[in-house]
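Please consider the following note alongside the sequence and the model.

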Amino acid sequence: MKSNYLLGVAALLWTATACQSDQETNQTPAPVASSVHAENSSLGEAAPAMPDLTGARVAAASTTQQQEILTYINQARSKPCQCGTTTYPAVPALSLNTQLNAASDKHALDMATNNYFSHTGRDGSQPWDRMTREGYVWRAAGENIAAGYTTTRAVVDGWLRSPGHCRNIMSANFKDLGVGYAYSAGSTYRHYWVTNFGTRR
């Protein structure tokens with residue numbers, strides 16, 4: 001049976017991580033793309049303009065969803081966590097960033113509105129392009145995406161079970177987090193999630 005849950009990473013799933021919760025572990029997603037990151041970029045140019053999504057028939061991330069995902073990710077970061085075959089040490093908590101929230105939300109809205117699933121936006125933008133567009137001047141940047149998960153706990157657990165996503169979550173190189181979500185009843189997976197990770201220059 002085809003899975004209705006997608007994650008943005010191409011890697012084998014690891015089902016026994018020390019950092020995922022005991023809740024909602026029955027959802028096993030199929031990986032479809034890579035979680036991505038970039039370091040020490042010299043990007044200074046403006047990214048291409050994003051299509052205006054005003055009036056899109058989709059729901060965006062709520063403050064509650066953003067806070068819950070931040071809490072679950074910081075719980076994982078507060079202790080050693082096994083991502084695939086590598087155990088990462090505990091790392092400092094992330095802080096929500098309004099510019100990264102905006103970049104994450106706009107990408108989730110675009111995916112839900114236009115029924116696609118990719119780190120590459122329809123305008124050709126990469127995650128760090130979208131962060132730059134929102135005014136976030138970064139030296140380290142990363143993105144996790146997922147589709148089909150109905151709750152914040154389930155999507156974070158899905159990311160923690162996937163080595164590439166888990167590495168982004170546990171990276172000591174990141175200090176800030178943005179959370180995006182969109183729902184569209186007419187799209188394939190209905191629920192679309194984006195987390196942008198960053199550290200400012």
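Which class of accessibility does R122 fall into at 45% relative accessibility? R122 counts as partly exposed, where buried means under 20% relative accessible area, exposed over 50%, and partly exposed in between (1.4 Å probe, protein chains only).

1. Basis of the note. This is a predicted model, in which local features need pLDDT of at least 70 and side-chain atom pairs count only at pLDDT 80 or more, while totals for chains, interfaces and linings use all residues. Residues are numbered from 1 along each chain as its sequence is written, and side-chain values use heavy atoms, with hydrogens and water left out.

2. The pair R122 and D110. A salt bridge (a side-chain nitrogen of Lys or Arg within 4 Å of a carboxyl oxygen of Asp or Glu) joins R122 to D110, with the closest N and O atoms 2.8 Å apart. R122 lies in the loop between α2 and α3 and D110 in helix α2, so the pair ties together parts that are 12 residues apart in sequence. Helices here are DSSP runs (H or I, at least four residues), as are strands (E, at least two), numbered from the N terminus. D110 is buried, with a relative accessible area of 0%.

3. Other salt bridges. The count comes to five salt bridges. One of them links E134 with K106, whose closest N and O atoms are 2.9 Å apart. E134 is in the loop between α3 (127-133) and β8 (138-147), and K106 is in helix α2 (residues 98-114), so this pair ties together parts that are 28 residues apart in sequence. K106 is partly exposed, at a relative accessible area of 38%.

4. A pair within α4. R153 and D157 also form a salt bridge (2.9 Å, N to O). These residues are four apart in helix α4, and so are separated by about one helical turn. Both R153 and D157 are buried.

5. Packing of α4 on α5. Helix α4 (residues 152-161) and helix α5 (residues 163-170) pack at about 105 degrees, with axes 5 Å apart. Axes are lines fitted to C-alpha atoms, for helices over the stretch in contact, and angles run from 0 to 180 degrees between N-to-C directions. The two helices are therefore roughly perpendicular (65 to 115 degrees; under 35 is roughly parallel, over 145 roughly antiparallel, the rest oblique). In contact (heavy atoms within 4.5 Å) are W159, L160 and R161 of α4 with P163, H165, C166 and I169 of α5.
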